[in-house]
Amino acid sequence: KLVAAGAEIDRITDDFGWTALHTAASRGFPDVCVQLRRLGSDANILDAAGFDPLRVSDAFGMVECADVIRAYDAADGYAEFECAAVEIGGKDFFLAISGPTAGNCYSSAVDNVTGVREYLGRIDMVTNQIDASQAESFGPKE
């Protein structure tokens, strides 16, 4: 109701430069992250230290929040514009090939409940296997 009444969903809320999405992502509230993303919260806003909400959630070890943000990023265009449909080991998925998500793998199907693609992990370029245990890193591995 607040957003419908004109509240700014991406308003900076503190001296750290955090939005509501940064805060929810850092505190481990994946349900709040889902609602904020559904309402159009921008996951690309950088805080005073230069971190977006995804990087904040990763830094605080909030895996579920990071997964929500990654999934919405895939649905918001990463899968269509920066990813390639690939098949490895008989499984189809989207592989991010450029930008800050390069190396990330997303499910090829959109979840019927959430309407987003699931973040599966990062591709290991040596074994061509998806490693779901690796934390998000931005850009290609060096």
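Tutor: Confidence comes first, since this is a predicted model: across the chain the pLDDT averages 75, and 73% of the residues score at least 70. That confidence is highest in helix α1, residues 20–27, where the mean is 94, and lowest in helix α4, residues 63–82, where the mean is 67. Over residues 135–142 the pLDDT is below 50, although in the model this stretch has 21 contacts beyond near neighbours in sequence.

With that in mind, the overall layout can be set out. The chain has four helices and five strands, and when it is read along the sequence these elements follow the pattern α-α-α-α-β-β-β-β-β. Of its 142 residues, 39% are buried, while the chain exposes about 8,200 Å², 55% of which is supplied by carbon and sulfur atoms. Among the contacts with a separation of 6 or more, 42% are between residues 24 or more positions apart.

The cysteine to look at is Cys 33, which is buried, with a relative accessible area of 0%. Leaving aside its neighbours within four places in sequence, Cys 33 is in contact with Leu 21, Ala 24, Ala 25, Cys 65 and Val 68. Several of these names return when one turns to the largest nonpolar core, which has 14 residues, and in which Leu 21, Ala 25, Cys 33, Leu 36, Val 68 and Ile 69 touch the most other members. Helices α1, α2 (30–38) and α4 each supply at least two residues of this core, and the largest share, five residues, comes from α4. As a general matter, nonpolar side chains in soluble globular proteins tend to be buried together.

The contact between Cys 33 and Cys 65 deserves a careful reading, because a disulfide requires a pair of cysteine sulfur atoms within 2.5 Å. For Cys 33 the nearest cysteine sulfur is that of Cys 65, at 3.8 Å, and Cys 33 is in no disulfide. Cys 65 is likewise in no disulfide, its nearest cysteine sulfur being that of Cys 33. The structure as a whole holds zero disulfides. As for its cover, Cys 65 has 1% relative accessibility and therefore counts as buried.

At 0% relative accessibility, Thr 19 counts as buried, and, not counting residues up to four places away in sequence, Thr 19 touches Asp 10, Arg 11, Ile 12, Thr 13 and Ile 45.

Trp 18 lies in the segment before α1 as well, and Trp 18 counts as buried, at 11% relative accessibility. Ring pairs link Trp 18 with Phe 16 and Phe 60 into a cluster, and a search of the whole structure finds two aromatic pairs. In one of them, the rings of Phe 16 and Trp 18 have their centres 5.9 Å apart and their planes at 40 degrees, so this pair is tilted. In the pair of Trp 18 and Phe 60, the ring centres are 6.2 Å apart and the planes stand at 80 degrees, so that pair is edge-to-face. This second pair links distant parts of the chain, since Phe 60 sits in the loop between α3 (53–59) and α4, 42 residues apart from Trp 18. The cover of the two phenylalanines can be given in turn: Phe 16, at 58% relative accessibility, counts as exposed, whereas Phe 60, at 47%, counts as partly exposed.

At 22% relative accessibility, Asp 131 counts as partly exposed. Leaving aside neighbours within four places in sequence, Asp 131 is in contact with Gly 121 and Arg 122. Asp 131 and Asn 104 are 27 residues apart in sequence, and in space they are 9.5 Å apart, C-alpha to C-alpha.

To return to the part you asked about, Cys 33 is buried and is one of the residues that touch the most other members of the largest nonpolar core. Some caution belongs with this picture, however, as α4, which supplies the largest share of that core, is also the helix where confidence is lowest, at a mean of 67.

How values were computed. Residues are numbered from 1 along each chain as its sequence is written. Side-chain values use heavy atoms; hydrogens and water are left out. pLDDT is the predictor's confidence in each residue, from 0 to 100. Contact means heavy atoms within 4.5 Å. Buried means under 20% relative accessible area, exposed over 50%, partly exposed in between (1.4 Å probe, protein chains only). Accessible areas come from the Shrake-Rupley method with a 1.4 Å probe; for residues, only the protein chains shown count as cover. A nonpolar core is a set of buried Ala, Val, Leu, Ile, Met, Phe, Trp, Tyr and Cys residues joined through side-chain atoms within 4.5 Å. Rings of Phe, Tyr and Trp (its six-membered ring) pair if their centres lie within 6.5 Å; planes under 30 degrees apart count as stacked, over 60 as edge-to-face and the rest as tilted.
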